[in-house]
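Thanks for coming. I'll take a few minutes to walk through one model, going from the strands to the helices and then to the ligand.

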Amino acid sequence: MAFNSGLSPIVKPWVLLLLLALLQCSSAQFCSFLNNGCIDPLAQTAVSFDFQPLFTDPIYFYYGFDASSSGKGEGPMTKTGFWLRYQDRHVNKDAINQNMTSEVALRVGNMTATPSGTNNGCDGVWGTRCSNDIKFAIQQTIFLLSSSGRYYDRPLQKALEHMMLVPPHLPNCVSFVFDVAAIPVQEFAREGDDQNVIVMPSGSGERPWQVFYLDDMTDHQQASQVAVGIITRGPSHNSPPPMSPNEIQVELVCLQAPQSPPSGSSSKDHD
Ligand SMILES: *[C@@H]1O[C@H](CO)[C@@H](O)[C@H](O)[C@H]1NC(C)=O
Ligand SMILES: *[C@@H]1O[C@H](CO)[C@@H](O)[C@H](O)[C@H]1NC(C)=O
């Protein structure tokens, strides 16, 4: 039995959201720039996307960044955080019949664009055919991994490591999508036998799932970047490999968190 493939042409109204919360410098600072366990974003945005069948309700991808003109003492730096939010970790147990791992990754850097259109904003960035190339490349890499018989902990993380080393052929994409220094990955659901599932609690600025720093990036530069979220549900190593790559679910979301126009001073400093 299969779940919906990420490539299935179910056209849902693209609900780009939402919530562009521009948190002002005047608001109380609850997290310092160099603390990587939390984030007090200068700009934050979220998008809802479907992750059926495991989650029956839409889930929200949050992305935010903070900035410092002095960073760790050498030039500007940004701090990026991301997480998901969902309703009460409510999952559809009927969708569970194998050992599966769901993960979310975020890619930021070397790509400025304004999200729009299908595939949760990504088609406006690089076109539908490129979105399909990227999804297929990820499906194919996870498929080969799960068919290899080798041990792996997290399918998306392992696949991305490989794709950053050996860039996949993406005939309909203009730029090197995997040409960034790092693509942090977070596991958020692990399904097992007997309809067991462990789901990560929703994140927040106080508890972001991943935080990372980008050197030589100013707040204005990061505001023009498109942040690409990659969300997958793929076979755990102790699961029989899927019949075809199409059975591996891959969703893309593209977001941008522009800052408010500078009023007086243009960057927020933490020191
Ligand atoms: C952008 O690409 C360059 C060259 O490949 C790379 O060194 C750099 O780390 C990339 N930037 C980010 C933010 O990943
Ligand atoms: C899921 O993983 C467990 C533990 O490794 C294993 O015993 C079980 O056979 C696996 N289930 C399936 C359907 O592959």
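**Strands, helices, ligand**

Let me start with one pair of residues: S102 stands opposite A189 in β5. Before going further, please keep in mind that this is a predicted model.

The strands that hold that pair are β4 and β5, which run antiparallel and are joined by 6 bridges. β5 is mostly covered, with 5 of its 7 residues buried. β5 also pairs with β6, residues 197-199, again in the antiparallel sense, over 3 bridges. In that pairing E191 stands opposite V197 in β6. The hairpin of β5 and β6 has 5 residues between the strands, and D194 there takes a positive phi near 55 degrees.

Now the sheet as a whole. In what order do the strands come? The order is β6-β5-β4-β8-β9, giving an open sheet of 5 strands with antiparallel pairing. Its edge strands are β6 and β9, each of which pairs on one side only. On average, neighbouring strands of this sheet are turned by 20 degrees against each other, direction ignored. Towards the β9 edge, β8 and β9 run antiparallel and are joined by 7 bridges; I231 stands opposite E251 in β9. As a reminder, in a regular strand the side chains alternate between the two faces of the sheet.

On to the helices. α3 lies across β4, β5 and β8, and runs at about 120 degrees to β8.

α2 has 20 residues and reaches 28 Å from its first C-alpha to its last, close to the 28 Å expected at 1.5 Å a residue. Its buried residues include I134, K135, I138, I142, F143 and L145. An α-helix has 3.6 residues a turn, so residues three or four places apart point the same way. What covers the buried residues of α2? The cover includes α1 (123-126), α3, β8 and β9. After α2 comes G149, whose phi is positive, near 80 degrees.

Last, the ligand. Ligand 1 is surrounded by G109, N110, D179, V180, A181 and L214. By class, that shell has 3 nonpolar, 2 polar and 1 charged residues.

That's what I have; I'll take questions.

Key. Residues are numbered from 1 along each chain as its sequence is written. Chains are lettered from A and ligands numbered from 1 in the order in which they are written. This is a predicted model: local features need pLDDT of at least 70, side-chain atom pairs count only at pLDDT 80 or more; totals for chains, interfaces and linings use all residues. A residue is near a molecule or strand if its C-beta atom, placed from the backbone, lies within 6 Å of it. Ala, Val, Leu, Ile, Met, Phe, Trp, Tyr, Cys and Pro count as nonpolar, Asp, Glu, Lys and Arg as charged, and the others, Gly among them, as polar. Helices (H or I, at least four residues) and strands (E, at least two) are DSSP runs, numbered from the N terminus. The expected span of a helix is 1.5 Å times one less than its number of residues. A residue is buried if 20 or more other C-beta atoms lie within 10 Å of its own, exposed if 12 or fewer, and partly exposed in between; C-beta atoms are placed from the backbone. Two residues are in contact if their C-beta atoms, placed from the backbone, lie within 7 Å. Two strands pair if DSSP finds at least two bridges between them. Axes are lines fitted to C-alpha atoms, for helices over the stretch in contact, and angles run from 0 to 180 degrees between N-to-C directions.
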